[in-house]
Amino acid sequence: MSGRLEGKVALVTGGSRGIGRAICARLAGDGAAVVVNFARKQDAAADVVAQIEAAGGRALAVGADVSDRAAVNRMVGAAVREYGRIDILVNNAGILARGTALEFDEVIFDRMMAVNVKGIVHTVQAVAPGMAARRYGRIVNISSLAGLGTAVANTTPYALTKAAVINLTKRQAFELGHDGITVNAICPGFIATEMLASLEPHDQEEQLRALASKAVLNRVGDPDDIARVVLFLASDDASFVTGQALAVDGGRMDFLTGSA
Ligand code: NAD
C-alpha cells in the first residue's frame with residue numbers, strides 16, 4: 001500500500017465507530033499504521049482493525065478511557081512498543097449530553113469536560129514529547145460547529161466543551177509549533193452517526209431532513225466527509241497550516257444569515 005502517509009503512525013481516539021471509524025479507514029488507506037483507540041467496544045475496534053488489514057493496511061486496537069490519564073499513558077506506551085512512535089494524533093473521542101444554560105447537570109457537565117477537553121490534554125501530553133523529539137507531528141482535534149456558536153437547542157454544556165477544544169487547539173499550536181508540530185481543529189456540522197441520532201431519536205428521517213435544510217448543500221454530512229479533511233490536515237499538504245478551526249458543515253445557513 002502506498003500513499004501520502006506511508007511510513008507514518010497515527011493514533012485515533014474513539015476509533016471504533018462513527019467519524020472515528022471513518023478516520024481510521026482513511027488514514028490507513030493512505031498508508032499510515034493506525035492505532036484504533038476504544039473506550040469499551042473492543043469488538044467494534046477489532047472489526048475496524050480487521051477491515052484495515054483486509055485492505056492491506058496495518059492497525060492495532062488499544063483500549064483506554066481518554067479521561068483517565070494513566071490509561072492514556074498505558075495506551076501510548078503500547079502504541080510506541082508496537083510501532084516505535086506516533087506521528088499523527090487525532091482526538092476524535094467525544095460525548096454529547098443535552099442541557100441548557102438553566103438546566104445544567106453538573107455531574108454530566110463534568111463528565112463531558114473530562115472526556116471532550118481533558119481527554120485531549122491527556123493524549124497531547126503523552127504524545128507530543130515524542131513528536132517534539134523527532135521535530136514532526138500532526139495533531140487534529142475534533143471540535144464541533146457548536147463550539148463556534150451555532151444555535152442548536154439543548155446543547156449548551158456540550159457547546160462549552162467544544163469551544164474549549166478550539167481554544168486548546170490554538171494554545172497547543174502556539175506552544176508546539178517550534179517543535180515542528182501542527183495542531184488544528186475541525187468543526188463538523190451535522191454528521192450522520194449514532195451521536196446525532198441520540199439528539200432527536202424519535203423520527204430519524206424527519207430529523208435528518210430538518211438538519212439537512214440548515215446547510216447550503218442541503219444534506220447531512222457523512223463520516224467520510226470529516227475523515228477526508230482529517231487526512232488533508234494530517235498530510236504534508238497541510239504542512240503550513242496550524243492553529244486553525246475549520247468548519248466542515250456543508251455551509252450552514254445560520255452563519256450565512258448572521259443569526260448564530
Ligand atoms: P459517536 O458517539 O458515534 O462516536 C464517539 C466515539 O468516541 C465512540 O467510538 C466512543 O466510544 C468514543 N468515546 C466516548 N467516550 C470515550 C472515552 N472516554 N474514551 C475513549 N473513547 C471514547 O459520535 P461521532 O458523531 O462519531 O463523534 C465523533 C466526534 O465528532 C466527537 O468528538 C463529536 O463530539 C464530534 N462531532 C460530531 C458531530 C455529529 O454531528 N455527529 C458534529 C460535531 C462534532
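**Exercise 1.** Which residues does Asn92 touch, not counting residues up to four places away in sequence?

*Solution.* The model is predicted: local features need pLDDT of at least 70, side-chain atom pairs count only at pLDDT 80 or more, and totals for chains, interfaces and linings use all residues. Residues are numbered from 1 along each chain as its sequence is written, and side-chain values use heavy atoms, with hydrogens and water left out.

Step 1. Apply the contact criterion, heavy atoms within 4.5 Å. With residues up to four places away in sequence not counted, Asn92 touches Thr13, Gly14, Ile19, Gly20, Ile23 and Ile142.

Step 2. Locate the residue. Asn92 is in the loop between strand 4 and helix 4 (106-134); helices (H or I, at least four residues) and strands (E, at least two) are DSSP runs, numbered from the N terminus.

Step 3. Classify its exposure. Buried means under 20% relative accessible area, exposed over 50%, and partly exposed in between (1.4 Å probe, protein chains only). Asn92 is buried because its relative accessible area is 12%.

Step 4. Examine its side chain. The side chain of Asn92 reaches the backbone oxygen of Gly14 at 3.0 Å.

**Exercise 2.** Describe the overall dimensions and composition of the protein chain.

*Solution.* Step 1. The protein chain has nine helices and seven strands.

Step 2. The radius of gyration is taken over C-alpha atoms, and the globule rule is 2.2 Å times the number of residues to the power 0.38. For 260 residues a compact globule would have a value near 18 Å, and the 17 Å of the protein chain agrees with this.

Step 3. Along the principal axes, the C-alpha atoms fill a box of roughly 45 × 35 × 35 Å.

Step 4. Of the 260 residues, 50% count as buried. The accessible surface (Shrake-Rupley method, 1.4 Å probe; for residues, only the protein chains shown count as cover) comes to about 11,900 Å², of which 53% belongs to carbon and sulfur atoms.

Step 5. Among contacts with a separation of 6 or more, 76% are between residues 24 or more positions apart.

**Exercise 3.** Identify the largest nonpolar core and the elements that supply it.

*Solution.* Step 1. A nonpolar core is a set of buried Ala, Val, Leu, Ile, Met, Phe, Trp, Tyr and Cys residues joined through side-chain atoms within 4.5 Å. The largest has 33 residues, and those with the most contacts inside it are Ile23, Leu27, Val34, Ile186 and Val230.

Step 2. Elements that each supply at least two residues of this core include strand 1 (9-12), helix 1 (18-29), strand 2 (33-38) and helix 8 (223-234). Helix 8 gives the most, with seven residues.

Step 3. Ile23 touches Val12, Val90, Asn92, Ile142, Ala227 and Val230, not counting residues up to four places away in sequence.

Step 4. A second, separate core of 31 residues includes Val72, Ile139, Ala173 and Val183.

**Exercise 4.** Is strand 6 (residues 181-188) mostly covered or mostly uncovered?

*Solution.* Step 1. Strand 6 is mostly covered, as eight of its eight residues are buried.

Step 2. Ile181, Val183, Ala185 and Cys187 point one way from strand 6, while Thr182, Asn184, Ile186 and Pro188 point the other way.

Step 3. Two strands pair if DSSP finds at least two bridges between them. Strand 5 and strand 6 pair in the parallel sense over six bridges, and Arg138 stands opposite Thr182 in strand 6.

**Exercise 5.** Characterise Asp236 and Val241.

*Solution.* Step 1. Asp236 is found in the loop between helix 8 and strand 7 (245-248), and Val241 lies in the loop between helix 8 and strand 7.

Step 2. Asp236 counts as partly exposed because its relative accessibility is 44%. Val241 counts as partly exposed because its value is 24%.

Step 3. Leaving aside residues up to four places away in sequence, Asp236 touches Tyr136 and Arg138. The side chains of Asp236 and Tyr136 make a polar contact (3.1 Å); such a contact is a pair of N or O atoms within 3.5 Å, where within protein one must be able to donate a hydrogen and the other to accept it, and residues adjacent in sequence count only if both atoms are side-chain atoms.

Step 4. Leaving aside neighbours within four places in sequence, Val241 is in contact with Thr182, Asn184 and Leu233. Val241 and Thr182 are 59 residues apart in sequence and 7.0 Å apart in space, C-alpha to C-alpha.
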